[in-house]
Amino acid sequence: MKKQFTLISALVLHLFFAYAFTFAQTAAPVEKDKREADLVELVKLDKTIKLDIRYARADNFVGRAVYPEARAFLQRPAAEAMLRVHKKLKKLKLGLVIFDGYRPWTITKLFWEVTPEDKQKFVANPATGSRHNRGCAVDLSIYDLKTGKPVDMPSDFDEFTNRASPDYKGATEIQTKNRDLLRDSMEAEGFTVNKNEWWHFDYKDWQDYAIYDIPFSVIGNEKTSKPKIKERKDFKKFFDQAKVSGGIYIYDLRQNKYSIYDRERFDRQFVPASTSKIIHSLVFLDSGALKSENETIKWDGVKRVVEAWNQDHNLRSALKVSAVWFYVEARRAREDAKIL
Ligand SMILES: [Zn+2]
């Protein structure tokens, strides 16, 4: 039985990786009168722009890779402005190193879900999206063209401390000089530094762009900005056969196409609201992070928006009501098992 279960888990996990984060649990917020995406791959503008994409590796605050590929993009005007900064720095034998640029909305949603509530002020709320989702924010630093090494800065990237503030006064003279050089160079080209993060800059026209959820794999292909949407009324038969009501979004990564059944119902977000919880539930059991579906995790007493979340839960009850906190807690236990 155990073996069979492992096999099923492996299968589900395989699916999960193949389509990682592309199941649209809910779609990105829609705004009117925005520009079409015109995302440019930064290294294609200048080969000496260096990449250090931590979200494509495990050494980031999530603790695992969340980008399928180590690539960075910005909307064309922002990318060109950043290129001008890079060229100016070259005269000082320096260059830009990129940590992150355009970020698909689904990843912002994932960051939100895996971040404990007391740290959520450091990550963007998916309900409003991030400027990274608009392709108009970039996280970057400076590196020495000769040695290839990053210059010394007051804090590491994604270090959630007061050292990360662009106005932090306690850094060494050289760190302060480097940080201010980056800020002055970026500001001269229409970027604004984030008040909590010296490495994060927003491009001035960010409001003209929408919140996009275009996966990296289709950028650069034709028609990247608008996925095709196909209504699949014929999916009704599957729901009828199972004698249930429901809606579904299926995203085809290769063709950038959604197949949708009953969008109106789907967008109402009944609980349980996310496919990923099913997969996580299997992983928790298979990895031993939870001994059984009846193992209870005590509620921390924090009142949350959904009344049904505000009590102790086990896997059965948590899945039923999509109790996010339960999954965050169980995930912590799973860290030791290092399954994902
Ligand atoms: Zn950022």
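## Strands and their neighbours

Guide: Counting contacts between residues at least 6 apart in sequence, 69% join residues at least 24 apart; two residues are in contact if their C-beta atoms, placed from the backbone, lie within 7 Å. The model is predicted, so local features need pLDDT of at least 70 and side-chain atom pairs count only at pLDDT 80 or more, while totals for chains, interfaces and linings use all residues. Residue numbers start from 1 along each chain as its sequence is written. The chain has nine helices and ten strands; these are DSSP runs numbered from the N terminus, with helices being H or I of at least four residues and strands E of at least two.

Five strands form an open sheet of mixed pairing, in the order β2-β4-β5-β7-β6; strands pair if DSSP finds at least two bridges between them. At its edges are β2 (50-51) and β6 (191-193), each with a single partner strand, so one side of each has no neighbour in the sheet. Within the sheet, β5 (residues 137-144) and β7 (residues 200-203) run antiparallel and are joined by three bridges. A137 has D202 of β7 as its bridge partner.

Two helices meet these strands. Helix α4 (residues 173-187) packs on the sheet, touching β5, β6 and β7, and its direction makes about 145° with that of β6. Helix α2 (residues 76-90) lies across β4 (94-100), β5, β6 and β7, at about 145° to β4. For these angles, axes are lines fitted to C-alpha atoms, for helices over the stretch in contact, and values run from 0 to 180 degrees between N-to-C directions.

Another pairing joins β9 (residues 248-252) to β10 (residues 257-261), antiparallel over five bridges. I248 is bridged to Y261 in β10. I248 also belongs to the uncovered face of β9, with I250 and D252, while Y249 and Y251 make up the covered face.

The buried residues of α7 are K277, H280, S281, L282, V283, F284 and D286. A residue is buried with 20 or more other C-beta atoms within 10 Å of its own, exposed with 12 or fewer, and partly exposed in between, C-beta atoms being placed from the backbone. Just after α7, G288 has a positive phi of about 85°.
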